[in-house]
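Let's take a walk through this one together. Have a look at the picture first, and then we'll start at the place where the chains meet.

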Amino acid sequence: MSVAIIIENVVKRYEKTTVIPNLSLQIKNGEFFTLLGPSGCGKTTLLRMIAGFNSIDGGCIKFDDKVINEIPAYKRNIGMVFQNYAIFPHLTVKENVEYGLKLRKVPKSESDRRVEEILKTVKMYDYKDRLPDKLSGGQQQRVALARAIVIRPNVLLMDEPLSNLDAKLRIEMRSVIRDIQKQIGITTVYVTHDQEEALAISDRIAVMKDGVVQQVGTPCQIYKRPTNIFVATFIGSSNLIKAKINIENGERYVVFNKDYRIKMNNLSSNVKDGQDVIVSIRPEELKIANKGLKVKILKGTFFGKFINYEFTLIDDNVFGENKVCEFVQDISDTNKFLRENDIIYLEPDLSRINVFNEDGSINLIEDVILYE
Amino acid sequence: MNKRFKFDFWTIVTLTILGIFLLFLVYPLTTLFIDAFKEPLTSKFTLANFQKFFSKKYYYQALINSIVSATSVTLLSIIIGLPIAYLMTAYKIKGKRLLEVLIIISMLSPPFIGAYSWVLLCGRSGVITKFFKHNFNLNIPTIYGYVGILLVLTLKLYPFIYLYVSGALKKIDSSLIEAAESLGSKPSRKLAFVIIPLILPTLLAGALLVFMNAIADFGTPVLIGEGYNVMPTLIYSEFISEVGGQANFAAAMATVMVFLTSIMFLIQRYIINKKSYVMSSLRPIQIGELKGISNYLAHIFIYLVVILSIIPQLTVIYTSFLNTRGAMFLHEFSLKSYRTVFSRLGKSITNTYVYGFIAIIIIILIGMLTAYISTRRRSTLTTVIDTVTMFPYIIPGSVLGITLLLAFNKGYIILSGTATIMIMAFVIRRLPYTLRSSAAILYQISPSIEEASISLGCSPVKTFFKVTSKMMLPGVLSGAILSWITVINELSASVILYTSNTRTMSVTIYTEVVRASYGTAAALSTILTVTTIISLLIFFKLTGSKNISI
Ligand SMILES: Nc1ncnc2c1ncn2[C@@H]1O[C@H](COP(=O)(O)OP(=O)(O)O)[C@@H](O)[C@H]1O
Ligand SMILES: [Mg+2]
C-alpha cells in the first residue's frame with residue numbers, strides 16, 4: 001500500500017512570487033522523511049502539493065511510477081495530520097476514526113475491527129464514545145493520527161503536528177508517532193521547524209531555505225557535516241570563526257592568527273593557499289588547552305551534566321553580527337570551573353570541525369554528502 | 001486552486017447567486033436610476049424630474065423633513081440609549097435581565113405597531129386624550145406629525161445605541177479606568193475623558209444605524225405623520241398616484257433617497273474601518289452599586305423608558321381582546337376581533353407564515369453558500385457578490401418595492417402581483433443578517449477540518465454538506481431567526497408589492513388601521529408580536545445569550 005514519493009523539479013508560485021523555484025526529492029517507501037526549515041521556507045506549501053491542496057505549477061510528483069499532479073486530493077488516498085488536529089467536533093472519537101472507512105464502504109465488521117485496533121494502538125480505545133471537546137490536545141492528536149492511519153493511506157503527511165502541545169507532551173507524542181510509523185511501515189512526510197524534533201524522529205531530513213533544499217541526509221550526516229553555514233547554524237549551534245588557508249609543503253593548514261594554526265587532513269583538494277574561510281565549531285567540539293584560540297569568558301550557565309560557557313575571541317575574528325561564542329564543558333571531565341573574565345585557550349577537535357568557503361556556501365571538508 | 005477554469009459545483013453556485021442578485025437587485029435598480037432620468041412620455045433623457053423635485057417646496061420639504069426627523073431621532077436615541085447602557089453595565093440595576101429582553105423585544109417588534117398604538121392612546125379619540133379632556137378639560141399636545149414620529153421611532157431605535165454601546169463597554173478593561181483613577185480623575189471626568197473616547201467609534205456606528213433606520217422607515221410616518229411628509233411616504237404616494245408604469249418622478253425621488261443613504265452608509269463603513277483600538281477585556285468593568293437618590297433616579301429613568309417602549313405591545317394585546325363597534329373599543333372583553341380576523345383575513349396569516357418560511361429557506365441556502373464562496377472560494381466574481389450583498393443596507397424598503405415592481409410589471413418576466421415578487425423582496429432585504437452570521441461562523445471553522453475530510457476521501461462538495469454545513473448550522477440559525485423576525489414584520493416593500501391575494505399580516509394591519517378597523521388590526525398585531533417573541537426566545541435559547549448583534 002505504502003509508496004515511494006518522487007518529486008521532480010516542482011515549481012510553486014503564488015501570483016507573482018515564486019515560493020518554490022525548482023525542487024526535487026526522492027522519498028523512499030516506508031521511510032520517515034522530514035522537511036525541516038525556518039518558518040516561511042515553503043515546507044507547508046510542498047506538503048500541500050503532495051496532498052493535493054495546492055496546485056503544482058511546474059514539474060511533477062509521482063507516487064511510485066504514477067504522476068499524481070492532476071489527481072484531486074480526495075482521490076490520492078493520503079492520511080493527513082494537521083497542526084490544529086482538525087478533529088470533526090460534531091463526531092465522537094470512534095465516528096471520527098470511522099469517517100474514512102465509511103467513505104470507502106468498508107464492511108461494518110471489518111471497519112469495527114480496524115477502528116478498535118487502531119484506537120488501541122494510539123491508546124484511545126477507552127475514550128471512543130467521547131466528543132472531541134472533552135479531550136486534551138495530546139488526545140486529540142492521537143485521534144487525528146488514528147483517523148489518518150486507519151484508512152491505510154499511500155502516504156502519511158504531517159504538518160507540525162506537535163507544535164500546539166506543551167514541551168513534555170511534545171516529547172512523548174514524538175515517540176508515539178515514531179513507534180507507530182515504524183510498526184506500520186508507512187511512508188511518512190513530516191514537517192517541522194524544530195530541528196531537535198527533526199533529529200529525534202527522522203530517518204532522513206531535507207533542510208530547506210527559501211524554497212530550496214539545502215541538504216538531504218540522515219540526522220547524523222546533517223549534524224556532523226552540514227553542507228553550508230545555514231545548515232550548520234540552523235541545526236544545532238555552531239561558532240563561526242574567520243580564518244585563512246595556508247598550504248605549505250603540500251600540507252593544508254587553517255590559520256586563525258599569527259600564533260595559532262591547525263593542520264587539517266580532510267580538506268578538499270580545491271582549497272587554495274591564502275583563501276579566506278569560515279571555520280564552524282560546535283560548542284562540544286572545543287576543549288580547554290594550553291594553546292589554541294585565546295578567549296575571554298563572559299558567563300557560565302550550569303546545566304547539571306555540563307556547563308555552558310559564553311565567551312568572546314580576543315582577536316575578535318568571529319564571523320557575523322553575533323560576537324558571542326559558546327562551548328560546553330563536561331562536568332565529569334573537570335573540577336576546574338571558569339569565572340567571568342578568565343582568559344583561557346580553547347582547542348578545536350580537528351576531526352569534527354567544518355570549514356566553509358568565504359561566503360559560507362560550500363563545505364570544504366572532503367566527505368560532505370549533499371544528497372544522501 | 002488551478003489556473004485553468006474549472007466548471008465545478010462552486011462555479012455553478014457562484015454564477016447562480018450572482019444571477020439572482022443581478023436579476024432581483026442590480027437590474028431593477030439600474031432600471032430605476034435610468035427611469036429617473038427619462039421623460040415620462042417620450043422616454044428621452046432629462047433632468048426635469050429632479051428639477052421638479054428641487055423646485056417645489058411640497059417635494060423638497062419631504063427631504064428636509066426626513067433629514068430633520070432622522071437627525072432628531074438619532075440624537076434622542078443617543079440621549080436615552082447611552083445613559084441606559086452605561087448604568088446597566090456599570091451598576092447594579094434590579095431586573096436587568098428582564099429589562100434587556102424587553103428592550104430587544106421593543107426593537108424587533110413590528111415598527112408600525114408603535115405608531116398605531118400611540119394613536120390609540122394619545123390620538124384624537126385616544127384613551128389618554130379623552131381621559132384628560134373629560135376629567136381636567138385639558139388638551140394634551142397632538143401626537144400626530146413630527147412629535148409622534150420622534151416619539152415612536154426613538155422608542156424603537158434607542159435599543160440599537162443601547163446594544164452597541166453596552167457591547168463596547170463590556171470590552172473595556174477595568175485597568176484602563178483604574179489607570180485613569182490613579183492619575184487623579186474624578187468619576188465624572190473619568191466618564192468624559194476615558195470612557196466616552198473609547199466607545200466613540202461604536203457610538204457613531206450605532207448612531208448611523210439609527211439614522212439609516214429612521215430615514216428609511218415607512219410605517220411610522222404613514223400612520224402617525226399625517227401632514228408631515230417624509231421621503232418614503234412621499235415616494236409611496238407619488239408612486240401610487242403615477243399609475244400606468246410611468247413612475248419616472250417617483251424613480252427620481254427614490255434616486256435622491258438612495259444617494260443620501262449611500263453617503264451615510266459610506267460614512268458608517270469608514271468609521272467602522274477606522275475603529276482603531278480593538279479592545280478585549282480581560283477584566284471587565286466592576287459592577288458598582290449606586291447609593292441613595294441617584295439609585296432611585298437611575299431606576300426610575302430606565303424603567304420609565306423601557307415601559308414606554310413596551311407600551312405599544314401591551315396596548316395591542318389588551319385591545320385585541322376588547323369588543324368593538326366600528327372604530328370604537330367597548331369596555332368589555334370579547335374574541336370578536338380574532339373571529340373576524342380568522343374568517344375574513346385568515347389568508348394574510350397563512351401568507352405571512354408560508355412566504356416567510358419559503359423566504360427563510362432561500363435566505364439560509366443563499367446565506368450559507370454565499371458566505372462559503374466569499375470566504376473559501378475567493379475570486380473576482382465573489383468580490384462582486386460581496387459588494388452587491390451590501391446594497392440592501394442602502395436601499396430603503398419602499399424604494400426596493402418600487403424597483404421590483406417597475407422591473408417586473410412589463411417585459412419578459414412579469415412577476416407583479418405574484419407571491420414570488422413578495423418573497424424575493426423579503427429575501428433581498430433580510431438576507432444580510434443570515435449572511436453575516438454565516439460568514440462569522442465560517443471564520444471560526446478552520447479550513448483544515450475540511451481538508452481533513454477531503455484527505456480521508458470525501459470530495460469537496462460532499463465535504464461541504466457532510467461537515468462544513470453541519471458545523472455552520474448554529475451560527476446560521478441565529479442569523480436566520482433575525483431574518484425571519486424581520487421578514488414577517490416587513491412592511492415598506494410589501495405595501496407596494498402586495499395584492500389582495502398576496503397580502504401579509506403587516507400589510508393587512510396597515511390597511512386595517514387606515515380603514516380605522518382597530519380591533520382586527522390589534523388582533524393581527526398580537527399574533528405577529530407573539531410570533532416575534534416566541535422566535536426571539538428560540539433565538540436566546542439557541543445562542544445561549546441575551547445579546548443580539550444587528
Ligand atoms: N496562499 C498563499 N498566498 C500567497 N503566499 C503564500 C500562500 N501560502 C503561503 N505563502 C507564502 O509562501 C511562503 C511559504 O509558506 P509556507 O509553505 O506556509 O512556509 P512554512 O510552512 O515553511 O512556514 C511564505 O512566504 C508564505 O508567505
Ligand atoms: Mg507551515
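Across the interface of chain B and chain A, the rule finds one salt bridge, meaning a side-chain nitrogen of Lys or Arg within 4 Å of a carboxyl oxygen of Asp or Glu. The partners are A:Arg48 and B:Glu451, with 2.7 Å from N to O. On the chain B side, α20 (447-455) and α21 (460-488) each supply at least two of the residues that touch chain A; helices here are DSSP runs of H or I with at least four residues, strands are E runs of at least two, and both are numbered from the N terminus. α20(B) gives the largest share, seven residues.

A quick word on ground rules: this is a predicted model, where local features need pLDDT of at least 70 and side-chain atom pairs count only at pLDDT 80 or more, while totals for chains, interfaces and linings use all residues. Residues are numbered from 1 along each chain as its sequence is written, chains are lettered from A and ligands numbered from 1 in the order in which they are written, and side-chain values use heavy atoms, leaving out hydrogens and water.

Now zoom out to the whole interface. 22 residues of chain B are in contact with 22 residues of chain A, counting heavy atoms within 4.5 Å. About 1900 Å² is buried between the two chains, with carbon and sulfur atoms giving 64%; that's the accessible area (1.4 Å probe) that two parts lose on being put together, summed over both.
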